[in-house]
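I looked up strand order, strand pairing and helix packing.

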Protein chains: 2
Amino acid sequence: MHAADISPMRIAVLGAGGLGSAAARMLSQKRELRLDALVDSRGFAFDPDGLDAEAVLHAASERGGVAFAPKTGAPSDDPIGEIVRRAEAFDGVFLALPNLPNDFVPGVAARFAAGGYRGVMTDALKRTSAAERVLKLDELFKTAEIVYIVGCGATPGLLTAAANLAAQSFAEVESVRIWFGVGIQNWEAYRATIREDIAHMPGFDVESARRLTDEEVAELLDERGGKLILEEMEHADDAILEAAGVVSRDCVSVGGVVDTRSSQKPVSTSVVVTGVTFEGRRSSHTFTLGDETSMAANVCGPAFGYMKAGRRLHEIGAYGAHSSATVMPRFVR
Amino acid sequence: MHAADISPMRIAVLGAGGLGSAAARMLSQKRELRLDALVDSRGFAFDPDGLDAEAVLHAASERGGVAFAPKTGAPSDDPIGEIVRRAEAFDGVFLALPNLPNDFVPGVAARFAAGGYRGVMTDALKRTSAAERVLKLDELFKTAEIVYIVGCGATPGLLTAAANLAAQSFAEVESVRIWFGVGIQNWEAYRATIREDIAHMPGFDVESARRLTDEEVAELLDERGGKLILEEMEHADDAILEAAGVVSRDCVSVGGVVDTRSSQKPVSTSVVVTGVTFEGRRSSHTFTLGDETSMAANVCGPAFGYMKAGRRLHEIGAYGAHSSATVMPRFVR
């Protein structure tokens with residue numbers, strides 16, 4: 001079936017922070033997927049014939065929320081509930097939501113299942129515990145006829161998938177090491193993400209990072225020259241690769257460097273998979289991302305690639321919880 | 001479902017050259033897949049309780065064919081037909097057959113479909129025209145209830161899949177460049193493969209390469225210090241990526257260096273995917289294979305990873321022609 005033969009997937013993007021905004025912009029360039037709803041914490045914008053992403057994002061940034069989008073926006077105390085109530089209007093839901101608290105993304109997923117949504121869901125979550133909770137909803141998704149693909153961003157996502165591919169050459173995988181570089185010129189556009197990163201640093205946890213004021217975050221970044229070095233992060237690549245049968249989670253490590261003062265990446269993002277072949281030879285495959293690709297491109301691109309793949313799975317009735325290591329994403333035009 | 005809960009896939013390997021032999025050896029280390037049949041041009045070995053791969057390969061090399069395998073071997077004028085006649089005894093068939101002539105692999109696939117086989121098939125074919133012919137059998141596979149995954153080796157296969165993954169970061173893919181290094185100490189173990197490689201060189205075509213005697217091949221290799229440099233090869237990565245909607249085939253190039261006198265790779269095998277992101281930035285992702293991994297590991301590992309993935313597709317009734325760029329392989333234990 002050619003793309004031209006089928007109507008575009010009607011997409012709701014939950015979250016209008018850095019990632020959600022980028023997702024909306026990316027969708028405005030696609031013909032196979034169409035942005036019909038965008039949600040932030042105080043409202044939502046919805047048009048069953050497709051939103052004008054730039055108009056919605058402009059209103060959001062000028063006036064303080066997607067609720068102010070001309071004609072399509074509306075304030076709400078429960079904007080996610082507004083989308084659930086319109087479940088039949090969507091073929092795909094992308095959860096570009098904060099990871100914290102850890103039960104937020106799984107809770108939203110469960111709400112869609114309970115609310116009668118029957119379509120595809122993908123997320124760009126990061127944390128192991130969140131991914132595990134989503135994977136445990138497998139039966140719920142099956143009953144609801146939802147195809148949920150967990151961990152569809154960059155890491156977990158693109159790099160998890162690359163690790164699964166690389167593993168195929170080996171009889172036994174010994175280690176998967178993900179080391180990322182992120183450069184963002186303006187951390188204020190990624191307030192939630194930066195706090196999630198800080199939560200991985202020594203002396204912080206999820207709660208204490210979340211309680212930091214913007215001034216405290218700025219001070220912490222000043223002390224470190226704008227760079228956060230993160231090691232042994234709780235990233236869901238481990239649980240996803242373990243669930244896919246590739247490697248024990250203890251053998252997966254994720255870390256990296258976030259530079260909040262330059263859009264240049266401080267290091268190239270890569271995943272190195274080391275294993276032993278069936279002949280007993282030890283070796284490593286490496287997948288390296290080009291430095292010029294942004295976090296937004298590496299997260300939202302795969303997320304929509306998995307969304308398109310999810311549509312095929314939905315067509316053949318393969319409902320339930322899948323992951324970036326069990327589904328091959330499809331290129332979206 | 002855990003591997004321990006399900007019976008192993010009963011596998012037939014068609015072809016007992018370098019790749020087929022490696023495939024048989026690899027299977028002897030797996031518990032999720034079991035080698036029940038091995039076929040060469042003059043006979044077959046079959047045991048519905050699993051073959052002893054080493055015993056079969058030893059008999060084949062000592063006495064000139066798998067037909068001489070103790071208890072399990074038998075000569076045949078039509079050894080592939082013997083497997084087709086036992087179609088119900090197999091869950092998976094791996095075609096480790098020569099690519100030449102171009103209709104050989106598609107012809108064997110069609111024979112299995114016509115013969116009542118209902119299972120998974122994967123191949124390690126190389127040539128574009130062969131892959132296209134297999135993809136055209138989609139309806140035949142659907143009717144026969146076969147899941148066929150085309151191009152499941154290294155290239156096409158592992159590297160095609162990596163190219164599809166890498167493409168996800170881009171709005172438009174400009175080029176996919178695969179450059180491989182192969183080191184084989186003993187080219188006589190890969191007689192058919194080497195002739196296929198020679199067919200890609202200036203002054204040769206499929207027919208003239210096939211007609212070369214072993215002495216002529218040895219002489220040609222002597223003239224080149226044992227190294228074959230191959231550019232713009234007819235490799236099916238192009239048709240497979242085009243069929244998956246990633247990129248026009250003209251933008252895909254495959255080449256490399258084959259050293260027939262050293263098991264060390266003359267260059268590292270890699271795929272470089274260059275594209276432009278949704279923000280308009282040009283960049284390249286690179287997937288590089290570790291030099292210590294053999295061609296056998298990089299071909300047969302993915303081929304069986306796709307075989308296992310094919311089993312899932314078969315369970316949910318997703319019959320038809322798939323490819324290494326549309327299915328995510330599963331790690332096999």
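I began with the rule for pairing: two strands pair if DSSP finds at least two bridges between them. I note also that the model is a predicted one.

Entry 1, a strand pair in chain B. I applied the rule to strand β2 (residues 33-40) and strand β3 (residues 43-46) of chain B, which pair in the antiparallel sense over 4 bridges. I then looked up the residue facing Ala37(B) and found Phe46(B) in β3(B).

Entry 2, the sheet of chain B. I traced an open sheet of 8 strands with mixed pairing, in the order β4-β3-β2-β1-β5-β6-β7-β13 (chain B). I recorded β4 (73-75) and β13 (320-323) of chain B as the edge strands, each pairing on one side only.

Which strands make up the open sheet of 10 strands? I read the order as β9(A)-β10(A)-β8(A)-β11(A)-β12(A)-β12(B)-β11(B)-β8(B)-β10(B)-β9(B), with mixed pairing. At the edges stand β9 (227-230) of chain A and β9 (227-230) of chain B; each has a single partner strand, so one side of each is left without a neighbour in the sheet. Neighbouring strands here are turned by 10° on average, direction ignored.

I followed β9(A) to strand β10 (residues 252-259) of chain A: the two run antiparallel and are joined by 4 bridges. Lys227(A) has Asp259(A) in β10(A) as its bridge partner.

I found helix α7 (residues 158-167) of chain A lying across β8 (172-183), β11 (270-276) and β12 (282-288) of chain A, together with β12 (282-288) of chain B. Its angle to β11(A) is about 25°.

I looked up helix α1 (residues 18-27) and helix α2 (residues 53-63) of chain A, which pack at about 155° with axes 9 Å apart. α1(A) and α2(A) are therefore roughly antiparallel to each other. I listed Ser21(A), Ala24(A) and Arg25(A) from α1(A), and Ala53(A), Glu54(A) and Leu57(A) from α2(A), as making the contact. I classed these contact residues as 3 nonpolar, 1 polar and 2 charged.

Technical notes. Residues are numbered from 1 along each chain as its sequence is written. Chains are lettered from A and ligands numbered from 1 in the order in which they are written. This is a predicted model: local features need pLDDT of at least 70, side-chain atom pairs count only at pLDDT 80 or more; totals for chains, interfaces and linings use all residues. Side-chain values use heavy atoms; hydrogens and water are left out. Axes are lines fitted to C-alpha atoms, for helices over the stretch in contact, and angles run from 0 to 180 degrees between N-to-C directions. Angles under 35 degrees count as roughly parallel, over 145 as roughly antiparallel, 65 to 115 as roughly perpendicular and the rest as oblique. Contact means heavy atoms within 4.5 Å. Ala, Val, Leu, Ile, Met, Phe, Trp, Tyr, Cys and Pro count as nonpolar, Asp, Glu, Lys and Arg as charged, and the others, Gly among them, as polar.
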